[in-house]
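I opened this notebook page to record what I looked up in one model.

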Amino acid sequence: MASQKKKILSGMRPTGKLHLGHLVGTLDNWIKLQEEYECFYMVADWHALMGEYEHPQEMPAAIIDNVVDWLSVGIDPSKATLFIQSEVFQHLELHMVFSCLTPLGWLERCPTYKEQMREVTTRNLNTYGFLGYPVLQAADILLYKAEKVPVGEDQLPHLELTREIARRFNGLYGRQVFPEPDGLLTAASRLPGLDGRKMSKSYNNTINLSDDETAVRQKVQTMITDPQRIKLSDKGHPDICNVFSYYSIFAPQVREEVSAWCTGASVGCTECKKRLAGHLVEKLAPFNRRRRELLEDKQTIRDILAEGRKKAQAVAAATMDDVRAAMGL
Ligand code: TRP
């Protein structure tokens, strides 16, 4: 019998190692949602290729690496379906169908597209494929008839487009084949990086989920603290301190204590960072352990992805039957 749970689909592009920003921004949320919804979590490798097509060689390793990270933080393949986008060919079929009926203007007006055209200078994104980025994303979502899509705020225009495409399809062919999915906004926990800017590979300010203890301790020591606190005897301002924001997220149980030692100038920034590193190391330790176990047993990873692909393909094939029936193909 079909599951009564509502369906969720989300995806992540395999563009490099995952970091603490992915954990608090996305993965923690995915872990919660897998209890309540029927979840499909996808490695969006075609989407990654649209940006990385000049240097795609690193993608295969990143795909597996990301999946290992998902599993090691607690994404559970017995609860959620994990799969690789390019292994389910129906994504491209539906992308093609949607490409036929999506007016160019919708894509040219898309704010994410305009922004990237303006701001990305290191890669040439002025391509036919990249314009259709949100069309492929609509295909990802609607192929599973997902009703909810957990995403960050930056992705909302793509969801709006997904709804428009669903409406246009349903309207053209006179059948309610697709739902109009809603975004499920991830609580805006945008984690600052080591330097206080958004944590991002391109700023080289990340703590990676796979970093070992030495790396974590080293990186945390480079974190910028309250710039007005120069000497130990200067009183600090936790509310503007990046290190303090980490305590709030990763060690809330000691938050009050940290605030007191900072404002009372009883513990210096170096020591404060050393203790923070201890909390982070403790947080990452179980991930590191599971990651090592998984990497020793690569067959398990392959099995999980093969199983995920099978489940995803079954749903995708059924949807494509509906699509062809609606269109009279
Ligand atoms: N565009 C998304 C991002 O960059 C990744 C993505 C691809 C996605 N397909 C998706 C997210 C489908 C949600 C649903 O973050």
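The entries below follow that order.

**Basis.** I worked from a predicted model, in which local features need pLDDT of at least 70 and side-chain atom pairs count only at pLDDT 80 or more, while totals for chains, interfaces and linings use all residues. Residues are numbered from 1 along each chain as its sequence is written, and side-chain values use heavy atoms, with hydrogens and water left out.

**Ligand site.** I then checked polar contacts, which are pairs of N or O atoms within 3.5 Å. A polar side-chain atom of Tyr133 is 2.7 Å from a nitrogen atom of the ligand. For Gln137, a side-chain N or O atom lies 3.0 Å from a ligand nitrogen atom. For Asp140, the corresponding distance to a nitrogen atom of the ligand is 2.7 Å. On its own the ligand has 360 Å² of accessible area, of which the protein covers 90% (Shrake-Rupley method, 1.4 Å probe).

I assigned the shell to helices (DSSP runs of H or I, at least four residues) and strands (E, at least two), numbered from the N terminus.

**Cavity.** I next searched for cavities, which are sets of points on a 1 Å grid over the protein atoms alone where a 1.4 Å probe fits but cannot get out; lining residues have an atom within 4 Å of a point. The count is one cavity of 30 Å³ or more. The largest cavity holds about 90 Å³ of space, the volume being that filled by probe spheres set on grid points joined across faces, edges and corners. Its lining includes Thr225, Asp226, Arg229 and Phe244. Helices α11 (242-250), α12 (255-263) and α13 (269-296) each supply at least two lining residues, and α11 gives the most, with three.

**Aromatic pairs.** I found twelve aromatic pairs in the whole structure, counting Phe, Tyr and Trp rings (for Trp, its six-membered ring) with centres within 6.5 Å; planes under 30 degrees apart are stacked, over 60 edge-to-face and the rest tilted. Phe83 lies in strand β3 (residues 80-84) and Tyr144 in the loop between α8 and β4, so the pair ties together parts 61 residues apart in sequence.

Technical notes. On a 1 Å grid over the protein atoms alone, a cavity is a set of points where a 1.4 Å probe fits but cannot get out, and a pocket is an open set with protein on both sides within 12 Å along at least five of seven lines; lining residues have an atom within 4 Å of a point. A polar contact is a pair of N or O atoms within 3.5 Å; within protein, one must be able to donate a hydrogen and the other to accept it, and residues adjacent in sequence count only if both atoms are side-chain atoms.
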